[in-house]
Amino acid sequence: MRVLVVGAGATGGYFGARLAAAGRDVTFLVRPARAARLAEGGLSVRSPLGDFRVERPATVTAGAIAGPFDLVLLSCKAYDLGSALDDVAPAVGPGTMVLPILNGLAHLDALDARFGPERVLGGSCAIAATLSPEGEIVQMSELHALTFGERDGTRPERIARVAAIMEGAGFAARLSETILLEMWEKWVFLATLACGTCLMRAPVGDIVAAPGGRAVMLGLLDECRGIAAGAGHAPRDKFLETSRGTLTAEGSRFTASMLRDIERGARIEADHIVGDLLARGRRADPAGAWPHLATAYAHLKAYEARRAREQG
């Protein structure tokens with residue numbers, strides 16, 4: 001299979017580098033400056049599991065894609081999705097599969113509208129990684145999982161081909177027959193973590209050490225769970241048990257990447273991760289109330305408004 005990885009940043013670049021290092025046919029869709037840098041120095045990954053480098057990875061720039069690929073791995077930030085769809089469109093043909101690993105679910109609507117739902121898989125990933133100033137991908141923990149599947153839960157021949165290229169590529173890859181549920185569960189967890197740590201400007205351990213902090217985290221989780229259940233994707237008991245433990249762990253330094261973005265004055269995915277969740281809840285239950293989520297969303301939007309004002 002010919003695989004196009006959109007971007008060579010911390011997330012897509014990591015999984016793409018692992019696939020390339022395992023001998024898969026991988027091309028990275030990047031901007032000209034990034035392409036020049038990769039041609040000169042390769043794509044380096046620093047990992048607690050062992051550092052490695054892909055020498056001279058295959059790259060292509062927007063406007064230079066000659067024809068369709070078999071699989072497109074899409075991992076951009078939600079606010080870059082519109083431009084990414086324009087850039088990647090020439091790579092999507094009748095038989096192409098698009099595997100998005102963005103947060104939330106709003107991107108599925110955009111992908112379906114642009115390329116047709118028959119081409120769009122479900123996907124989710126779990127990794128803590130960042131891009132260094134030198135352009136290296138830095139994996140911050142041993143966690144590196146990618147889950148994928150057909151959104152209707154079937155197992156046609158094409159998804160078996162995807163599973164075959166993922167197997168043995170150096171990360172935890174798993175074919176799921178319940179990928180939409182798993183995407184909802186990740187969204188519930190991520191929205192809770194982002195809302196809690198951004199609202200309190202603190203990691204989990206500091207939040208639960210504060211009076212009322214544990215109740216805030218559990219209240220956020222329950223509101224997110226309720227919205228998912230109302231949408232027909234009630235999180236499973238085991239997921240909720242594990243999430244409660246992680247989100248209330250004493251001494252934990254765990255934070256959402258959104259908090260790190262706020263602390264460095266960067267753009268955030270407030271609408272995609274929190275706003276869309278609230279909107280879905282309100283559509284399903286116009287009389288419903290989600291006080292913790294609504295407060296956290298107002299906080300995030302206030303940050304965006306201040307950032308826009310201060311940047312002119």
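Mentor: One term before we start: a contact means heavy atoms within 4.5 Å. Also, keep in mind that this is a predicted model.

Trainee: Okay. With that in mind, which residues does L293 touch, leaving out those up to four places away in sequence?
Mentor: L293 touches C195, L220, E223, C224, I227, V274, L277 and L278.

Trainee: Which residues have the most contacts inside the largest nonpolar core?
Mentor: They are L4, L74 and L293. That core has 63 residues.

Trainee: Which helix gives the largest share of this core?
Mentor: Helix α6, residues 179-200. It supplies twelve residues.

Trainee: What about a second core?
Mentor: There is a separate one of 34 residues. It includes A20, L43, F52 and L71.

Trainee: Let's zoom out. How many helices and strands are there in the protein?
Mentor: Twelve helices and ten strands.

Trainee: And what radius of gyration does the protein have?
Mentor: The protein has 20 Å. A compact globule with 312 residues would have a radius near 20 Å, so the two agree. The C-alpha atoms fill a box of roughly 55 × 40 × 40 Å along the principal axes.

Trainee: What share of the residues is buried?
Mentor: Buried residues make up 50% of the 312. The accessible surface comes to about 13900 Å². Carbon and sulfur atoms account for 51% of that surface.

Trainee: Among contacts between residues at least 6 apart in sequence, what share joins residues at least 24 apart?
Mentor: That share is 72%.

Trainee: Switching to strands. How do β3 and β4 run, parallel or antiparallel?
Mentor: Antiparallel, with three bridges joining them. Strand β3 covers residues 43-46, and β4 covers residues 52-54. V45 stands opposite F52 in β4.

Trainee: What do β3 and β4 form?
Mentor: A hairpin, with five residues between the strands. In the turn, G50 has a positive phi of about 120 degrees.

Trainee: And how does β3 run with β9, parallel or antiparallel?
Mentor: Parallel. Two bridges join β3 to β9, which covers residues 137-149. In β9, V138 is the bridge partner of R46.

Trainee: New topic: charges. How many salt bridges does a search of the whole structure find?
Mentor: The search finds 17. In general, side chains of opposite charge can pair when their charged atoms come close.

Trainee: Is E185 buried or exposed?
Mentor: E185 is buried, with a relative accessible area of 5%. R236 is partly exposed, at 38%.

Trainee: Which residues are linked in a network of salt bridges?
Mentor: K77, D261 and R264 are linked that way.

Conventions: Residues numbered from 1 in each chain as written. Predicted model: local features only at pLDDT ≥ 70, side-chain atom pairs only at ≥ 80, totals over all residues. Heavy atoms only, no water. Core = buried A, V, L, I, M, F, W, Y, C linked by side-chain atoms within 4.5 Å. Buried < 20%, exposed > 50% of the residue type's maximum accessible area, 1.4 Å probe, protein only. Helix = DSSP H or I, 4+ residues; strand = E, 2+ residues; numbered from the N terminus. Pairing = 2+ DSSP bridges. Rg over C-alpha atoms; globule rule 2.2 N^0.38 Å. Areas by Shrake-Rupley, 256 points an atom, 1.4 Å probe, with all protein chains shown as cover. Salt bridge = Lys/Arg side-chain N within 4 Å of Asp/Glu carboxyl O.
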